Amino acid sequence: MGLHSLISLTTTILFLSLLPVHTESAQPPFSCDSSNPSTSSYPFCKTSLPISKRAQDLVSRLTLDEKISQLVNTAPPIPRLGIPGFEWWSEALHGVANAGPGIHFNGTIKAATSFPQVILTAASFDTGLWYRIGQVIGTEARAVYNAGQANGLTFWAPNINVFRDPRWGRGQETPGEDPMVTGKYAVAYVRGVQGDSKNGEQGNPDQHLQASACCKHFTAYDLDDWNGVDRFHFDARVSLQDLADTYQPPFRSCVEQGKASGIMCAYNRVNGVPACADFNLLSLTARGKWGFNGYIVSDCDAVKIMFDSHGYTKTPEDAVVDVLKAGMDLNCGSYLREHTKQAVEQKKLPVSEIDRALRNIFSIRLRLGLFDGNPAKLPYGNIGPDQVCSKKHQALALEAAQNGIVLLKNPDRLLPLPKSKTLSLAVIGPNANAPKTLLGNYAGVPCKSISPLQALQSYVKNTLYHPGCDNVECATATIDEAVKIAKEVDYVVLIMGLDQTQERESHDRVHLELPGKQQELITNVARVAKKPVVLVLLSGGPIDISSAKDDRTIGSILWAGYPGEAGGIALANIIFGEHNPGGRLPVTWYPQNFVKVPMTDMRMRSDPSSGYPGRTYRFYKGETVFEFGYGLSYSKYAYEVSSITKSVLHLNQSSTVADYKLVSELGQDLCDKKKFSVKVGVKNQGEMAGKHTVLLFLRKAKPSNGSPIKQLLGFHSIFLKAGERAEVEFELSPCDHLSRANEAGLMVMEPGLHFLVVGDEEYPLTTIV
């Protein structure tokens, strides 16, 4: 969402003044006080009634002006009905944050657990970890609310847009480039935040929410500001094929399996239509096909720009009509408050459309338990400040950072460094002593703040430090001084990379190399050091470090993303062997020449006739610096496909062999009957225990008709002691895992030879349709 929101300051102050004043002793406001007979008798206060009936009753009692006042993110109170104000805009991308107006760290609670930025958390490929992080975020969110330091309980996260282009400034916020991984992250995070069980059935429309999660930005949003094109004006031209197998699957998973209570529609247009005004997208697809049961909010001022920037509508009133009729419910901004009444008076908008939106909006507040009387006596009402920044939560932040960090190079086992009291160490680089950089964007106030330098100093008393550059941009570098201290010590750790000046919301990168003189600094220091150096990279997006990859004076490379409040400790623990790294890259690392590809080209598949190389590991036909899923360890792991229940899949129910078959024609019964399992044996052949992720891919012997080069089918994270062997099992459905989207956006099954791939092992699998 746009933090630049164009809501006028005066209006914001006016409405915030109507919200309760938060002090250390404040209690969150609530409706339906049992001690107040004037309001407790309303049907919307009766918890025995279904949520839908209660919401319908509440909406029916509002005047037109009251109804319109509730259509924006800062909703004022309605005193005559005992309804307090509510702020819909709060952030919790990787921890409860004060990045939006809904959260205040100005009372008993001064901070919240700050987990790694999502791109690094995704590198753990561990759905259980993702779920536990979601649980903590939901718990801390409710604690902040219970302490009277939140104006709402709706959080606009996760960001589940596919990380399609390495230059995207917000790629750091996402789980990476694979739609299936992104979808599984969405499900785990949303269930955790909302208080659902990890695997059980949930999504009952009357079920209470711990907090509300919102999947964004729907859809095909992955460009912020590149080469004169910004997200407010961009028209994403996307084929039905790419929509079906890349852009939409994460959102479908978020709705169908995660049961998210919110969706945010994006700024951009999709094939000419603004996302927030797309009836097919919001109503037919999300609500109709996927069964979405929640509220749909605009990105901030996305309705306003339909008239002001897109020129999509002739009047402001037409913009209001278009979004409400499309199925949007809530406006981040003030546009609906300012122009909805005129649209009704001009007879362009029936009040029934407003009522529909309000029923969706109030259903969420009801599910949050805010109309059930005193929340202290309700589920989640006893979550207190002691559960924020608890030792358990901070330990999880450290676990997440350690399990996400990726070892990219270590051929001669430079790492881990020896632990010795006589060791001397130089820590060099602009990110070495910058704890804020560890957090990434959309971060709140962390529970603690320890830089990589401080963490390394806890291992080596004799540590020298030099930033090497004036800042990450590194326009000015003091290379001679850095070289001087590098010569004096046993080992050198260079901590380089990017920060929010290089990649962020509203700012895409223009190149993929290290900024300024960083590479020059690395080369000069590595050349004079007594031993090969350790290079640590902080970044959200990929960096072309081909020269460092091939340079023998650089002995080891670690990518640490933006690892959160415990990131400094996690790095030190890995460098000195307290933790065995096991993270894997959730994105392809492209060479610098990829920048020749326009960011505005949304095609996933390559086009040899024009030289277009395609995007992501599934379709990209070009050289890579590091492949998706790449990651080393201090241990070596061996695989074997120990068993598979099918080697030939007969998916035809007649004697005729077809070139392809629509999955919809096969039927759910046949799809279920043809499910099969694959067991993979994995052994830790090293001397250290470690957590390891097994990635199972599918490769078609002869890719054709736009099928992926390879496709990730599943992943399992497993902890193995030194010398230990275990088996992991993958349950596969041919209709889900072996199908592909055709040009019409329909899933099809094709005959032929495929290979199941894990590490260097391949197992043939033939399909007959």
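Is Lys304 buried, partly exposed or exposed, and what is its relative accessible area? Lys304 is partly exposed, at 25%. Keep in mind that this is a predicted model.

Who is the partner? Lys304 makes a salt bridge with Asp308. The closest N and O atoms are 3.1 Å apart. Both residues sit in helix 11, residues 302-308. They are four residues apart, so about one helical turn separates them. Asp308 is partly exposed too, with a relative accessible area of 44%.

Next pair. Glu750 forms a salt bridge with Lys700. Here the closest N and O atoms are 2.6 Å apart. Glu750 lies in the loop between strand 26 (747-749) and strand 27 (752-758), and Lys700 lies in strand 22 (residues 690-700), so this pair ties together parts that are 50 residues apart in sequence. Glu750 is buried, at 10% relative accessible area. Lys700 is buried as well, at 12%.

Some bridges join up. Arg170, Glu173, Asp224, Arg231 and Glu505 form one network, through salt bridges that share partners.

Now a third pair. The side chains of Arg605 and Asp242 meet in a salt bridge, 2.7 Å from N to O. Arg605 counts as buried, at 11% relative accessibility. Asp242 counts as buried at 4%.

And the total? The count comes to 33 salt bridges.

Note on methods. Residues are numbered from 1 along each chain as its sequence is written. This is a predicted model: local features need pLDDT of at least 70, side-chain atom pairs count only at pLDDT 80 or more; totals for chains, interfaces and linings use all residues. Side-chain values use heavy atoms; hydrogens and water are left out. A salt bridge is a side-chain nitrogen of Lys or Arg within 4 Å of a carboxyl oxygen of Asp or Glu. Buried means under 20% relative accessible area, exposed over 50%, partly exposed in between (1.4 Å probe, protein chains only). Helices (H or I, at least four residues) and strands (E, at least two) are DSSP runs, numbered from the N terminus.
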